[in-house]
Every structure is written in C-alpha cells, then in structure tokens.
Amino acid sequence: MDIKYFKYVLEISECGSINKAAQNLQLSQPNLSVCIKNMESELGFPVFRRNSSGIYLTPEGKLFLKSAQKIVLEMEAISNIPLLFTNKENISISCTYSFDFMNHFIKFKKKNPPKMYEDSFKETGLIQTIRDVIEQRYRMSLFYCFDSVSDTYTQIAKKHNLKLIPIAKDRPLILLASKRHPLSQKKEILFEEIKNYKFIMYENFKFEEWLKILGFQNDNRILYVFDRGGLIDAIRQSMYVTVMMKRFTDTYSEDCVEIPVVNAPSQMNAYLMYHSTYTVNTRERLFIRQLKELFAK
C-alpha cells in the first residue's frame with residue numbers, strides 16, 4: 001500500500017474533516033474521498049464513518065491509525081538516513097529550551113560560520129528533543145535533566161543504539177524570578193519552599209521527571225508555556241517563578257534575578273545524545289568541546 005494513504009488518514013484524523021485535510025494536502029476534496037474509498041476497499045474494512053457532526057474513525061480505523069503513525073515515522077526516519085552519514089560540516093542539534101545552549105550556539109556560529117550547508121538548531125521540550133534524534137530528524141540531542149532520573153536516559157540510549165555523552169554534571173539549581181517579586185530580595189531559597197510559589201514550566205517536560213521532584217503533588221497550579229520568550233514574559237510581568245540549572249551566561253534580562261536554591265536533594269546534568277553509528281564532524285566536535293569548557297568554568 002502506498003505510503004501516501006497512511007499520510008491521508010493521519011491528516012483527516014487530525015483535522016476531523018475531509019475538506020480541511022484536502023486543503024492541507026493540496027488535493028481536491030473529491031480526489032481525497034476517492035483515495036480513501038480505494039484504500040478501504042483494499043483493506044477490506046472501513047476506516048472512517050460520517051455523521052451529522054463530521055467524520056470519525058471506526059474501531060478498525062483507530063487500530064489502523066496507530067499502525068499508520070508508526071509506519072509514517074519509520075519511513076521518514078529511513079528517508080533521513082543520508083543526513084546522518086554525509087560529510088557536511090554543519091551542526092544539526094535539537095535541544096531543550098536553554099539560554100546557555102542557544103547563546104553558545106549563536107556565538108559559536110559567528111566565529112565558526114558553516115561553509116556550504118546551513119546549521120540546524122532547534123529548541124523544544126525534553127520529550128521532543130529525544131524523539132528528534134530517535135526518529136533521525138536531527139543528528140544530535142542536547143538536553144538537561146535531574147541527576148536522579150539520568151538512568152532513564154541511559155536506558156533510552158541503550159534501547160535505541162544511541163551514545164549518551166555527559167556535558168555537565170552536578171549543576172546546582174537556581175530560582176528565576178522578577179526583580180519586582182518579593183523573593184528577589186532573598187540571597188537563597190530553600191528547596192522545600194519552591195512548591196509554595198506560583199510556578200511556570202515548559203510544556204513537554206514529564207511531570208514525574210521535573211515537577212514531582214520539585215515537590216509538586218500535581219500540576220493544577222502550574223502555568224505551562226511553549227518557549228523561552230513566553231516564560232520570561234510571564235516571569236517579568238507577574239509573580240511566577242521557575243527553577244532551572246545554574247547557567248554560565250551573564251544575564252537573562254535586566255528585569256529578572258536568579259536566586260540559589262539550597263538543600264536540594266537533586267542537581268542537574270546536561271547530556272548530548274546521538275546515534276552510535278554517526279561520526280561527529282569537525283565543527284560539532286569543536287562546538288561540544290567548547291560547551292563542556294564553559295560549563296566547567
């Protein structure tokens with residue numbers, strides 16, 4: 001069966017509408033409908049049903065969707081294999097939201113510009129950055145996590161034939177707050193007090209691997225954001241705070257202050273992850289070495 005049928009099912013399921021899916025796929029609605037009917041005929045069971053409120057998956061269709069998602073991801077991973085084994089001297093990294101990672105990349109890029117191919121550097125949540133490497137969308141993942149859950153990523157690396165390289169270990173925690181926040185006058189914050197404050201956190205970080213470690217029982221009082229800009233804006237303009245790994249960069253903003261967290265049972269580690277079969281290129285090696293040196297200082 002043609003891979004395009006799997007993509008059609010995914011798009012229709014996400015849109016909940018043949019018309020909308022056809023627009024996104026740049027197909028005519030009648031053409032897409034015929035394709036789905038032909039696919040269902042080949043499969044021998046209906047994938048979609050229609051009612052007055054729209055289109056929905058049949059029980060068979062729900063099972064088909066799960067398989068289709070896996071097949072499309074695997075096909076995309078296969079198509080990306082050449083990107084892992086070329087002699088391109090560009091950087092290809094998916095990383096967790098980080099002032100340190102991004103600032104280092106920008107400064108590195110200015111001093112060591114790519115010659116032929118543009119660098120790829122993406123900021124996203126922790127879950128997605130791991131997926132990006134497993135699915136071979138990016139060659140490397142750069143992320144930080146609590147040392148108490150490091151074994152989780154060791155197991156992920158082993159399962160998917162990835163290398164896990166320590167970039168920084170045992171980094172202390174800091175609390176980031178607005179200079180207008182009453183906490184900004186404190187020289188330090190007790191770890192056990194963190195759960196008492198209005199807290200903001202990035203979406204796409206597992207509760208068990210972050211908020212639960214910080215002492216939160218649930219995420220009912222957590223404000224979630226999707227990027228660093230949203231995080232900083234919320235902290236600067238309100239009484240929200242967040243916790244992160246102590247940085248080596250100078251400042252976030254003239255409106256924010258970082259306060260050392262004391263009595264923390266866990267500290268932060270930073271790691272690099274990439275496929276064991278990949279040979280790191282010259283610029284990537286230099287980028288990684290300099291990043292390690294910055295954290296060491």
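Reader: Let's start with S184: buried or exposed?
Author: S184 counts as buried, because its relative accessibility is 14%, under the 20% cut-off. Keep in mind that this is a predicted model.

Reader: Thanks! Where is S184 found?
Author: S184 is in the loop between β7 (173–178) and β8 (189–190).

Reader: And what does the side chain of S184 reach?
Author: The backbone oxygen of K179, at 3.0 Å. Setting aside neighbours within four places in sequence, S184 is in contact with S178, K179, V257 and I259.

Reader: Nice. Switching to rings: how many aromatic pairs does a search of the whole structure find?
Author: The search finds 19 aromatic pairs. One of them is F199 with F216: the ring centres are 5.1 Å apart and the planes are at 55°, so the pair is tilted.

Reader: Which parts does that pair tie together?
Author: F199 lies in strand β9 (residues 199–202), while F216 is in the loop between β9 and β10 (222–225), so the pair links parts that are 17 residues apart in sequence.

Reader: Are those two buried or exposed?
Author: F199 is buried, with 0% relative accessibility. F216 is buried as well, at 5%.

Reader: Which residues form an aromatic cluster?
Author: Y97, F101, Y144, F146, Y202, F205, W210 and F295 form one.

Reader: Now strands, please. How many residues of β5 are buried?
Author: Seven of the seven residues in strand β5 (residues 140–146) are buried, so to speak a mostly covered strand.

Reader: And which sense does β5 take with strand β3?
Author: Strand β3 (residues 92–96) and β5 pair in the parallel sense, over three bridges. With strand β13 (residues 268–275), β5 runs antiparallel, and seven bridges join the two.

Reader: Which residue in β5 is the bridge partner of C95?
Author: That's L142. L142 also stands opposite L272 in β13.

Reader: Last one, then I'll let you go. Where is K109 found, and what is it in contact with?
Author: K109 is found in helix α6 (residues 99–111). Leaving out neighbours within four places in sequence, K109 is in contact with P114, E118 and D119.

Reader: How does K109 count for accessibility?
Author: K109 counts as partly exposed, because its relative accessibility is 22%.

Reader: And how many Å separate the C-alpha atoms of K109 and A77?
Author: They are separated by 27 Å, and the two residues are 32 residues apart along the chain.

Technical notes:
Residues numbered from 1 in each chain as written. Predicted model: local features only at pLDDT ≥ 70, side-chain atom pairs only at ≥ 80, totals over all residues. Heavy atoms only, no water. Helix = DSSP H or I, 4+ residues; strand = E, 2+ residues; numbered from the N terminus. Buried < 20%, exposed > 50% of the residue type's maximum accessible area, 1.4 Å probe, protein only. Polar contact = N/O pair within 3.5 Å; in protein donor to acceptor, adjacent residues only side chain to side chain. Contact = heavy atoms within 4.5 Å. Phe/Tyr/Trp six-rings, centres within 6.5 Å; stacked < 30°, edge-to-face > 60°. Pairing = 2+ DSSP bridges.
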